[in-house]
Amino acid sequence: MYNKYTDILSKQFGCRVQKISVNAGFTCPNRDGSKGIGGCIYCNNHSFSPSYCNTATSIEEQIEEGIRFFSKYKSQKYIAYFQSYTNTYIGAGKSHTDEYESINILKNKYLRALSNSDVIGIAVGTRPDCVSEPLLDYFAELSKSRYVLVEYGVESTSNRTLAEINRGHTFEDSVWAIEETARRGITVGAHLILGLPGEDRDEIMTHALKISQLPINVLKIHQLQIIKDTVLCSRYMAAPDSYRLFTLDEYIDLLIDFIERLSPDIALDRFISQSTSEWLVAPNWNIKNFEFVHKLEKRMAELGAIQGSKFESIGK
Ligand code: SF4
């Protein structure tokens, strides 16, 4: 009924493959003034880093701890997931001074994760305005021997929304980064948030169409969450009725409409994000990822819904 990323990885590597989050001490250009100040209005990086993943321990130790944690689920191979902040950005004032030196600093971090023999590759989460052609050339070279996924925070295809959430980049930046990455034969991931401020159902459905026109291999989607200590949280607290947050069932139906309009070639990785209860303000669905997937698949089966079934018709 939909194209599962986990199935693609299992088929490619012949075993269960698990991502291990790594916090390699990167920062964010949308916080330090290089691209913007204050960050995206919904972002609080503390709210989603797993407990084994903090910069007090080395990259190698985080990988080992992650492998210990996941080995009980019979995972056999691992992808080091550079998740927190912007994992191709070495800091204000440094990124463009010496491209060669910057790439060497980044390479060192990626190669340390790859030094564990159980790690088959890396997934690098970043902003579309934080990759350069030389860095993509390096990823292309690395991807000849290791699995490399570059995952871009696209979040929305609307420039009005991107300005509203203070992303500090445009949709055109995303298109450039995605096309340049795919052109080099690197696996491309994208991340979208459904339900951003000011977006109604019709606008959300246009994201499916626009994303489907791009050479994206893997898509992660999640619901808008209101997280403590964010600009969005302050705005929400001041005027909660101005924000349209979905109930769990509403979100599942919205997601199914979205998946039906999405190209069947794009593999789907995740559908929700789960901030810990100490950080989450709303919506509080209190559901684990596997429970959500089960509910989604049950509902898709009830409706006879199939990824891409409305993809062509919407393009005409
Ligand atoms: S979501 Fe990413 S780009 Fe935005 S402020 Fe947070 S770390 Fe920076």
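Author: The structure holds 1 cavity of 30 Å³ or more. This is a predicted model, in which local features need pLDDT of at least 70, side-chain atom pairs count only at pLDDT 80 or more, and totals for chains, interfaces and linings use all residues. Residues are numbered from 1 along each chain as its sequence is written, and side-chain values use heavy atoms, with hydrogens and water left out.

Reader: What is the volume of the largest cavity?

Author: On a 1 Å grid over the protein atoms alone, a cavity is a set of points where a 1.4 Å probe fits but cannot get out, and lining residues have an atom within 4 Å of a point. Grid points are joined across faces, edges and corners, and a volume is the space filled by probe spheres set on the points. The lining consists of L194, Q223, L224, L245, F246, P283 and W285. For the largest cavity the volume is about 30 Å³.

Reader: How many nonpolar, polar and charged residues line the largest cavity?

Author: Ala, Val, Leu, Ile, Met, Phe, Trp, Tyr, Cys and Pro count as nonpolar, Asp, Glu, Lys and Arg as charged, and the others, Gly among them, as polar. By these classes, the lining of the largest cavity has 6 nonpolar, 1 polar and no charged residues.

Reader: Which residues are closest to the centre of the second largest pocket?

Author: A pocket is an open set of points with protein on both sides within 12 Å along at least five of seven lines. The second largest pocket holds about 260 Å³ of space. Its 16 lining residues divide into 5 nonpolar, 9 polar and 2 charged. Closest to its centre are Q274, S275, N284, N286 and I287.

Reader: Where does N286 lie, and is N286 buried or exposed?

Author: N286 is placed in the loop between β9 and α10; helices (H or I, at least four residues) and strands (E, at least two) are DSSP runs, numbered from the N terminus. Its phi is near 50 degrees, a positive value in a residue other than glycine. Buried means under 20% relative accessible area, exposed over 50%, and partly exposed in between (1.4 Å probe, protein chains only). Because its relative accessible area is 72%, N286 is exposed.

Reader: What is the geometry of the peptide bond from A282 to P283?

Author: P283 lies in the loop between β9 (280–282) and α10 (289–303), and P283 also belongs to the lining of the largest cavity. Omega of the bond from A282 to P283 is near -10 degrees, and the bond is cis.

Reader: How many disulfides does the structure hold?

Author: A disulfide is taken here as a pair of cysteine sulfur atoms within 2.5 Å. Under this criterion, the number of disulfides is 0.

Reader: Is C15 buried or exposed?

Author: C15 lies in the loop between α1 (5–13) and β1 (17–22). Not counting residues up to four places away in sequence, C15 touches L9, S10, Q76 and K77, where contact means heavy atoms within 4.5 Å. Because its relative accessible area is 12%, C15 is buried.
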